[in-house]
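Let's walk through this one together, starting with the chain as a whole and then zooming in on a few residues. Keep the viewer open as you read.

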Amino acid sequence: MGATFARAMLPACFPDRPGDPERRNTKNELKKVFEPDDDNDISQFSEDTAWTCSDASFHTPNGTTPAHTPAAARDTSDRNASLVGVDESTRSIIPAVALSREREIEYTSWPEPENKEGIKAEAVHGEISSVTKDLVSPCPGSRFKLRIGPDYCRNKKKAHSGPALYNLRAVDMLDNDRKIPHISRFFDRTKTQLDEKEDVMEGDIINGIPRFFIATYMLPSYSPSMSLFNPKTDGHGYTVVFLFVLSKHGLEASMQQTGAYRVLRSFCEMPCNVSDKVRGPNLWKNIVSVANFKDLGLNYYLTRYIRNYNAKPWLSRNADMHTFKGRDYFEVDLDIHVYNFIGLRFMFELKTSLSKLVLDIGFVVQSEADDEMPETILGCGRLSNVNYDRDCTKVDWHRYASSEPVTPVKNGDKNGGGGPRRRLTTF
């Protein structure tokens, strides 16, 4: 009964049968409507006419192939025009199939933040604590598993990320008596050593995203407080500064308008420190993976804690994240001082084992909708055998406003003895 009713209502969906001229005539009439002859003028069809598939061969409604349509011809002739401003090394890595979706590179700049303190940005990323050159190494984006579509909310599927949008070019580890927000104002990024083959070498804001991206961890060195009414949220600690520069892969993603690029651009274009409700689902995510936690010989509780949370992303919200913008950079400050007591306590207990840890650290802006998938790692790197008491450099940042050169002091030399004092010539 159901099949008979369906054939009567939708005759074109069922094959012809001998002795059924009425159904065959109906199907022929539909073919006349939806399959025009090749003799028809192509001008009656718009450039946006969707492709249809028949017998594994692609056709336009009038039977021509995509290579012969006016839109495809224009895409071919204008291919080089869409790559204005792109060097040859970048042009060679962009797939020809994706060129029709690309756009020209747009160079802009964001306004400089107001400098009320008269700070002179004379520090150079990677030169304040030069000892970190032996502790920092590249980390591939595939080291991290991120969301993929479709319908991630239901399927919960993840896969290894593609290449990072930004390359890690410097890490500075600093000793501070208190938290220092917006630390990028002290640095001159133009003097940072870059790689011409892998990094974008010019421009401030490129297709709406900054050429430089700075992420900082503000870590407490003091024991966490159990007070519920007046917890300690500032004091002596360490600041780990990650400097990323836009990669050729990131430039390619911006030209192809990938979902990860659009999410990042939306994140950067919002005003600094907006509420979580205004920012929406595209939040900042952190990923820390301890690559060698099984070899550390930690106690049962620390081992279990690391196993449960190892390589699992966690979100940063208004309470512990602050953002800043400059002419050519975007900075994200992650304030670990305000984390909950349990998390801070485990981190404090791990302090004595830090010199044995191998940490893979990554950052990503969260994707939600299917057209934003798959997620792509923004930037990542590996820190090996870090000892904050040994490797961090203490600098009196407030002296940048004066004309006197700044002398960083290693932690073992805070009182003027116990080791040589080192004066940076770049200040």
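**From the whole chain to single residues**

Of the contacts in the chain with a separation of 6 or more, 73% are between residues 24 or more positions apart. Keep in mind that this is a predicted model. The chain has 427 residues, and 43% of them are buried. As for the surface, the accessible area comes to about 23100 Å², with carbon and sulfur atoms holding 53% of that.

Now zoom in on Gly126, which sits in the loop between strand E3 (107–108) and strand E4 (136–137). Is Gly126 buried or exposed? Its relative accessibility is 12%, so Gly126 counts as buried, the cut-off for that being under 20%. Which residues does Gly126 touch, once you set aside its neighbours within four places in sequence? The contacts are Lys133, Ala170 and Asp172. Take Ala170: it lies 44 residues away from Gly126 along the chain, yet the two C-alpha atoms are separated by 4.8 Å.

Next, the cysteines. A disulfide needs a pair of cysteine sulfur atoms within 2.5 Å, and by that rule the count here is 0. Cys272, for one, is in no disulfide: the nearest cysteine sulfur belongs to Cys268 and is 9.7 Å away.

Conventions
Residues numbered from 1 in each chain as written. Predicted model: local features only at pLDDT ≥ 70, side-chain atom pairs only at ≥ 80, totals over all residues. Heavy atoms only, no water. Helix = DSSP H or I, 4+ residues; strand = E, 2+ residues; numbered from the N terminus. Buried < 20%, exposed > 50% of the residue type's maximum accessible area, 1.4 Å probe, protein only. Contact = heavy atoms within 4.5 Å. Areas by Shrake-Rupley, 256 points an atom, 1.4 Å probe, with all protein chains shown as cover.
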